[in-house]
Amino acid sequence: MSTDTSATPSAPSGAPDRARIDDAVRRLVVSESRLSVDPQSISDSEPLNGPLLKVNSIGFLGMLIRLEEDLDVALPDDLFVGRSFTTVSDLADLVTAAVEGAR
Amino acid sequence: MIEEAARTARAACAQAPPMGDPAYRNYCRSLGDQLTAQWPQIRKANEQDVAAAEERGMPPTLVDRLRLTDAHLDLLTRLADEVHDALPEATGPSAETPIGDWGSRRRIAKPLGVVLMVYEARPTATVEGALLCLATGNAVLLRGGKEISATNAELGLAVRRAAERAGLPGGLATVLDDPDRSQLRWLLSHPDAVDVLIPRGSPSLIDYCRTATSIPVIASGGGINHVFVHSSADLSLAVDITLNSKLSEPTACNALELALVERRVADEFTARLRTAARRHEGPVTLRTDPSLVPAPDSADAPDAPDTGFREEPLAEHDFGREVLEPSLGVLVVDDLDAAVAHVRRYGSAHTEGIVAEDPSAVATYTAAVDAAALIVNGSLRLHDGPTMGLGPELSISTGRLHVSGPVALDSLVTRQWVVSANGTLRH
């Protein structure tokens, strides 16, 4: 048995652009909110915890690994720690900054 | 090194005694003893995790998921006793069945192998996984979140000691303490190292585990659950069932999200539901179909204490939604076929219910609706291993293969045939 880390998204061949990050974040918040709506129907200004979205696992393993898989990037463990964000676009901004920082 | 952990788990499987060995029941007792003996250290480690989470700005609701209290010790030791008691029946051989005039057959339980449990936040999952998986002869790799790493390290010590003192290989249980996600990816890409994957946690985690690996997954798809109130229903019972199915534990995976009410009885049912919901102690929100007769002004309601009752219009985005709050919807449907169509489109095949006095409606509905458990004239919250008499459970599976419903002890083994042939040859 040998360690094959080829599946690990540590060195993105092409960093995702903002549109791709927005799509991934929308899919994520819809899934985390246990909704069945079209992710594209979620606006950037939608509150993460409001009448529609209920995102209550921010920072846990599932969200990080889902984002990493969707965007083919490695995100820092503490991406969400101590940050203040209230809307979908706030979350996308944070992920965008992390992706750009990893370049 | 993750491959070393995987190799150790596989070797422990091979070294473990056969199913039915007294060591497995001894392990249950031993684990209860170890948890009790080590509880001060476990609590201390947990306080470190909780303090670190608070320092990092984790919201209080999430911090609560990390916290262990003495009540958890009671729950876990009781669970160990229950597994001890349930083990012989769950893992024992079947009766011998004659085959023609030449032999007989019986089925015996064997472990699934190496189980990888991936979970977030709740440290009780570490003990539940180590208890049920080891008691059934499996090796288990426990990959919790890094936010409970100190707690898991202590729990891992208690589990290992319990296993060794019971005569089981300590390597049957390994707490993976490296939070590096590339290690999890490595395990998921090695079906030769892991036989079964059991994720517990957020929708993202379940979704990732279902799509990122070829390893068989036992997982709950979340509970987007409905109760269909047929026109033949006892409406008082239907109201009780509806409220109990949600308000007894709003965040449970077997909780109700939406009552589908046949149009002929919808207004009467909803009026009774409003009255009962107003009497409920604690907050409750009804999201009602706008086509229903509106509620009278709450100030005019004869028996409406100020208990936090709210009513809002049901919206289309409420369909197929799991709301982890004391809030439930009411949707009017034309008939049984429309209810079935709604459940097929929006349900998660977890728990579905019907309230009806008409046996043909019950038969038609239960045949047409796909769910791990179909509850007839009862609370959806009855879908639970211990409550259904199936013994302790690890989770509730919404999968179709191997196990559907409570993942009880007998779901953590496979069954193999033993054929006693008495010298018979195939002609």
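## Where chain A meets chain B

Chain A and chain B bury about 3300 Å² between them, and 54% of that area is on carbon and sulfur atoms. Buried area here is the accessible area (1.4 Å probe) that two parts lose on being put together, summed over both. The contact draws on 36 residues from chain A and 36 residues from chain B, where contact means heavy atoms within 4.5 Å. Please keep in mind that this is a predicted model, in which local features need pLDDT of at least 70 and side-chain atom pairs count only at pLDDT 80 or more, while totals for chains, interfaces and linings use all residues. Residues are numbered from 1 along each chain as its sequence is written, chains are lettered from A and ligands numbered from 1 in the order in which they are written, and side-chain values use heavy atoms, with hydrogens and water left out.

Charged pairs also link the two chains: the count between chain A and chain B is eight salt bridges. A salt bridge is a side-chain nitrogen of Lys or Arg within 4 Å of a carboxyl oxygen of Asp or Glu. One of them joins E69(A) to R185(B), with the closest N and O atoms 3.6 Å apart.

## Chain A

Chain A has three helices and zero strands, giving the pattern α-α-α along the sequence. Helices (H or I, at least four residues) and strands (E, at least two) are DSSP runs, numbered from the N terminus.

Of the 103 residues in chain A, 48% are buried. Buried means under 20% relative accessible area, exposed means over 50%, and partly exposed is in between (1.4 Å probe, protein chains only). Among the chain A contacts with a separation of 6 or more, 56% come from residues 24 or more positions apart.

## Two domains in chain B

For chain B, the domain assignment gives domain 1 (2-219 + 399-420) and domain 2 (225-382); such bounds come from an automatic or database domain assignment. The centres of domain 1 and domain 2 of chain B, taken over C-alpha atoms, are separated by 35 Å.

## An antiparallel sheet in chain B

Now to the sheets. Strands of a sheet pair through backbone hydrogen bonds, either parallel or antiparallel. In chain B, three strands in the order β1-β2-β16 make an open sheet with antiparallel pairing. At its edges stand β1 (97-99) and β16 (413-420) of chain B, each with a single partner strand, so one side of each has no neighbour in the sheet. On average, neighbouring strands of this sheet are turned by 40° against each other, direction ignored.

Two strands are said to pair if DSSP finds at least two bridges between them. Strand β2 (residues 103-111) of chain B pairs with β16(B) in the antiparallel sense over eight bridges.

## A parallel sheet and its helix

Chain B also holds an open sheet of four strands with parallel pairing, in the order β5-β4-β3-β6. Its edge strands are β5 (173-175) and β6 (196-200) of chain B, each pairing on one side only. Here neighbouring strands are turned by 15° against each other on average, direction ignored.

Strand β3 (residues 114-119) of chain B runs parallel to β6(B), joined by five bridges. Y119(B) has R200(B) as its bridge partner in β6(B). Helix α7 (residues 181-188) of chain B packs on this sheet, touching β3, β4 (139-143) and β6 of chain B, and its direction makes about 140° with that of β3(B). Axes are lines fitted to C-alpha atoms, for helices over the stretch in contact, and angles run from 0 to 180 degrees between N-to-C directions.

## Residues worth a look in chain B

Two residues other than glycine have a positive phi. A349(B) has a phi of about 60° and lies in the loop between α11 (336-346) and β12 (351-355) of chain B. H402(B) has a phi near 70° and lies in the loop between β14 (393-397) and β15 (405-408) of chain B. H402(B) counts as partly exposed because its relative accessibility is 49%.

G308(B) lies in the loop between β9 (284-288) and β10 (309-313) of chain B, and is partly exposed at 29% relative accessibility. Leaving aside neighbours within four places in sequence, G308(B) is in contact with P283(B) and V284(B). Finally, T61(B) is found in helix α3 (residues 60-66) of chain B, and is exposed with a relative accessible area of 57%.
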